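Subject: Structure handover, pocket results

Hello,

I am passing on the structure we talked about. Please look through it before reading my notes, which come after it.

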Amino acid sequence: MRELYIDGEWVDAESAEGIDVDSPVTGEIIDTVPDANAQDVARAVAAAERARQELREMTAFERAAVLDEVTEYFEEHEDEIARGITEEEGKPIHESYDETEYVINSSDDYGHDGIRLFGDVVPSEHRGRFAYTQHEPYGPCAVISPWNFPLEVPGGSIYSAIATANPVVFKPAEETPLTAYHIAEAFAQSSVPDGAFNLVTGAGGTGAELVADERIRLIAFTGSTEVGQEIAKTAAERNAQCLLEMGGKDPILVLDDADVEHAAASIVSGSNWNAGQVCCGTERVIATAGVHDALVEEVVDQTEELVVGDPFEAGTNVGPMVSDRIQQATHEHVDEAVGRGATVRTGGESEGLYYQPAVLSGVTADMAIARDETFGPVTPVIEAADYDEAIRIANDSKYGLQAALFTDSLERAHDAANRLEAGGVFINETNNYWERLLPFGGYKQSGSGGRYGSKWHLEAMTQTKAVMMNYRDY
Ligand code: NAD
């Protein structure tokens, strides 16, 4: 059984329970990690609490230097980390390299932007007074992450937390805890103060223990809406700050005047990247009547070109799904849609965890596949009478992570960017898209508490203090 990383040391867990980690690529057990218990969590949080002062007293330049050391570790071990992500999660190897590259390239956005997280000097309404603001950390931060981006998703929150002097207790997903050991080793080899970064592995119960600990003042959670809402309730009892990034049901709208081939390519990539297991994956296509039939044909043709198979092979587009549980939900959505009149135009069969990407037409907005997160390599297409109906269907969702529109009309592009209820809108580009320097996050039940990415992430992890100095009237 692996160890935990607490207070600057690799230590045995108090818990005797372990979690076997299996590879979706082969189905074989590749390692066992502790299912950390309440004592393990309390020990990690106590270490974070002790490190609070030291981390805070470091300058932002010194904290940025620590993050540079961490990034250096990722650069030196990039091949090993990328192969490890594919082995434990199943995504094609080129996608794993996209993930490692993203983290390596964006490290500056956190450490070095942390140096530039200036406060404001504020004009006072009274004479002889000097007023300003400064950003301050909250305190010990729980970073709880999902399995679909085991390096990138926790990486952004961990970098931001350390840059802004919030000590971290990291609880990775139980399906993909092995990448987390690289993150912990990177900190172990850095000059970060003992206790400023801690790793506890385990399942949902370990996460719940962490969230319930009163010393945790900030929770950066990425995962399902259901779990995020449960965490928010616990945190509300003591007013701990929550940054929540949750599920989505992202639409791509295609209008009559769109470039069909380009729209189809963006849809096929958006629906099938990481076997459809992306929070901002393309979960719905809404096509207006004049383009619908041609678009469906093109999406089917391009989907049939995807290579499903061994994710370590360079030519593979779609690897195995992460688990039976996740694949089951995909089958259930497709079956329900077919039972209610939708047609599977291609794919939909599975062999083990390998699922043949599916395209469905005749989908209506009330089907589960059009309302609930599917999280699989499936493209459901809904026909809308016109542009206004397409916008109405797109917004008729409890989610609002990202959305995209394909059109040749500048007026429609601006109008839709304004009307779509989503944290990000992309025109003539897939919705399954993120930019390093753009904020990332959801409207409605897709997220709250701030945004991921560059300066927004740093701001979400700090509270603003107002300071006023009376230098004359006393
Ligand atoms: P999940 O919610 O089941 O688990 C996420 C994490 O929370 C895991 O580490 C899990 O162990 C932990 N957890 C579970 N129950 C808990 C509890 N009661 N208290 C504290 N922690 C608990 O999600 P998942 O299956 O790992 O990931 C898939 C989901 O994540 C999808 O809904 C997807 O949309 C979402 N996601 C969102 C984003 C985003 O940025 N919006 C990014 C990636 C994934």
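This is a predicted model: local features need pLDDT of at least 70, side-chain atom pairs count only at pLDDT 80 or more; totals for chains, interfaces and linings use all residues.

Largest pocket. The space in the largest pocket comes to about 940 Å³. Its lining is made up of 39 residues, and those nearest the centre are Phe221, Gly223, Ser224, Val227 and Arg325. Two or more lining residues come from each of α7 (204-212), β10 (218-222), α8 (225-236) and α11 (324-339). Of the elements, α8 contributes the most, at six residues. Sorted by class, the lining has 18 nonpolar residues, eleven polar and ten charged. Domain 1 (4-246 + 446-468) and domain 2 (251-427) each supply at least three residues to the lining of the largest pocket.

Second largest pocket. Here the space is about 410 Å³. The lining consists of 31 residues, with Tyr102, Glu152, Trp434, Phe440 and Tyr452 nearest the centre. The elements giving two or more residues to this lining are α4 (93-115), α5 (152-163) and β21 (424-427). By class, the lining of the second largest pocket splits into 18 nonpolar, ten polar and three charged residues.

Regards

Key: Residues are numbered from 1 along each chain as its sequence is written. Side-chain values use heavy atoms; hydrogens and water are left out. On a 1 Å grid over the protein atoms alone, a cavity is a set of points where a 1.4 Å probe fits but cannot get out, and a pocket is an open set with protein on both sides within 12 Å along at least five of seven lines; lining residues have an atom within 4 Å of a point. Grid points are joined across faces, edges and corners, and a volume is the space filled by probe spheres set on the points. Helices (H or I, at least four residues) and strands (E, at least two) are DSSP runs, numbered from the N terminus. Ala, Val, Leu, Ile, Met, Phe, Trp, Tyr, Cys and Pro count as nonpolar, Asp, Glu, Lys and Arg as charged, and the others, Gly among them, as polar. Domain bounds come from an automatic or database domain assignment.
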